[in-house]
Amino acid sequence: MTGRVSPLERDDRWARVALSFLLEPKHRATRDRLAAEGGAAALAAIRERRAAGRGEVYVRVPELDLDGLVASVRALGVRVLVPGDPEWPVGLDRHEDPPYCLYVRGEPDLAALAERAVSVVGSRAASSYGLRVAADLGEDLASRGWTVVSGAAFGIDAAAHRGALAGAGPTVAVLACGVDIAYPRAHDRLIASVADAGAVVAEVPPGAAPMRGRFLARNRVIALLSRATVVVEAGLRSGSLSTAREAREHHVPVGAVPGPVTSATSAGCHELLRETDAVLVTDAADVAELAARIGEDLAPARRPEPLPTDALAPDEYALWAAAPVRRWLPPERLAVLSGTDPLRVPAALAVLEALGLLERSDGGWRKCAPTAGAR
């Protein structure tokens, strides 16, 4: 055997911590052994060089110091969650490659946060339009009691987190590095604020550096921590589309915010709407309806503001439409212009006057000024 062996390796929780150090996320052979035998057995198989896989299974074994890892976790005040814990978000169990464990900074119960959560993701190189929409969604969702989940990246992620914080609601940042590392560095304060208001989550141990494969892996965690995933702005190659794909593949509703048809940063959203079952969303009410259980948080129907002319009878509307704004016309002329039976004109004019739509002077009629812009 190689590497420093710790008695903690016999405990499932700490064995999973060791596995999160030894292996990258989504190691299929280890996943199967974990599911069948648990963390301690999976780690013992690696220690005894009988684990399925190639050299990647053993390459980090000489550097494993589980006692040091556990001490680091405890010193940081970080919680380690494993499947079966009350705080473990059960949505993660839907994935064929769930995390070995989760590291959590922040006080709130992660399972409770995930119970009513929406992931808001999108491009790092976001436009001012996308940033505004993401911030508004984050704030409005938070004010409605929803947790906003994102990845703490530049662009849409950061705007969504900041919006949720402005709305005095919880937010969760899922990192592709250790929870003790601020990545990007410019978001040090933002990530600290997220930890204070909600939680910072990772599936790799403290001290782990961000790497491309870990960004792709963490997208499945973002998607399955939530009851819906919303892509605010994304180019055709945006990593946020992989979050949407993970959500769709695991039957989590996906929403997409439309943008200008000329915008490359919205092309991915448009493709989601055109090629998949993603739902067009424009505000927090739409998103809440998408994420909520059937019959809850229904978005109000969007209807145009009623106009005084909406309820007019055909003759009344025809006369109103024919009446000028500045000139005065006699009833007989209005009858000709509107194509109305002259016998019906007096009654119709009386209705229009009573509604404040037409006014008369010296036998002539015209539109009242306040309704000049009505249809």
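Me: Which residues lie nearest the centre of the largest pocket?
Reply: Arg124, Asn219, Ser238, Gly239 and Ser240. The lining has 18 residues, those five included. Bear in mind that this is a predicted model.

Me: What volume does that largest pocket have?
Reply: About 370 Å³.

Me: And which helix gives the most to its lining?
Reply: α9, with six residues. That helix runs over 212-224. Helix α10, residues 240-249, also supplies at least two.

Me: How does the lining of the largest pocket divide into nonpolar, polar and charged?
Reply: Eight residues are polar. Five are nonpolar and five are charged.

Me: OK, the second largest pocket. How much space lies in there?
Reply: About 200 Å³.

Me: Which residues lie nearest its centre?
Reply: Val90, Gly91, Ala114, Glu115 and Arg227. They belong to a lining of 14 residues.

Me: What gives the most to the lining of that second pocket?
Reply: Helix α5, residues 110-115, with three residues.

Me: And the lining by class?
Reply: Eight nonpolar, three polar and three charged residues in the second largest pocket.

Me: Switching to the sheet. What is the order of its strands?
Reply: β1-β2-β6-β5-β4-β3-β7-β8-β9. That makes nine strands in an open sheet with mixed pairing.

Me: Which strands stand at the edges?
Reply: β1 (79-81) and β9 (279-280). Each has a single partner strand, so one side of each is left without a neighbour in the sheet.

Me: In what sense do β1 and β2 pair, parallel or antiparallel?
Reply: Antiparallel, over three bridges. Strand β2 covers residues 102-105.

Me: Give me one residue pair there. What is the bridge partner of Val80 in β2?
Reply: Tyr103.

Me: Last topic, helix α13. Which of its residues are buried?
Reply: Glu316, Leu319 and Trp320. The helix spans residues 314-322.

Me: Why do those buried residues line one face of α13?
Reply: Look down the helix axis. The buried residues of α13 fall within an arc of 100°, so they line one face. The general rule is that an α-helix has 3.6 residues a turn, so residues three or four places apart point the same way.

Me: What covers the buried residues of α13?
Reply: Helices and strands both. The cover includes α14 (331-338) and α15 (345-354). It also includes β10 (358-361) and β11 (364-367).

Definitions and conventions
Residues are numbered from 1 along each chain as its sequence is written. This is a predicted model: local features need pLDDT of at least 70, side-chain atom pairs count only at pLDDT 80 or more; totals for chains, interfaces and linings use all residues. Side-chain values use heavy atoms; hydrogens and water are left out. On a 1 Å grid over the protein atoms alone, a cavity is a set of points where a 1.4 Å probe fits but cannot get out, and a pocket is an open set with protein on both sides within 12 Å along at least five of seven lines; lining residues have an atom within 4 Å of a point. Grid points are joined across faces, edges and corners, and a volume is the space filled by probe spheres set on the points. Helices (H or I, at least four residues) and strands (E, at least two) are DSSP runs, numbered from the N terminus. Ala, Val, Leu, Ile, Met, Phe, Trp, Tyr, Cys and Pro count as nonpolar, Asp, Glu, Lys and Arg as charged, and the others, Gly among them, as polar. Buried means under 20% relative accessible area, exposed over 50%, partly exposed in between (1.4 Å probe, protein chains only). The arc is that of the directions from the helix axis to the C-beta atoms. Contact means heavy atoms within 4.5 Å. Two strands pair if DSSP finds at least two bridges between them.
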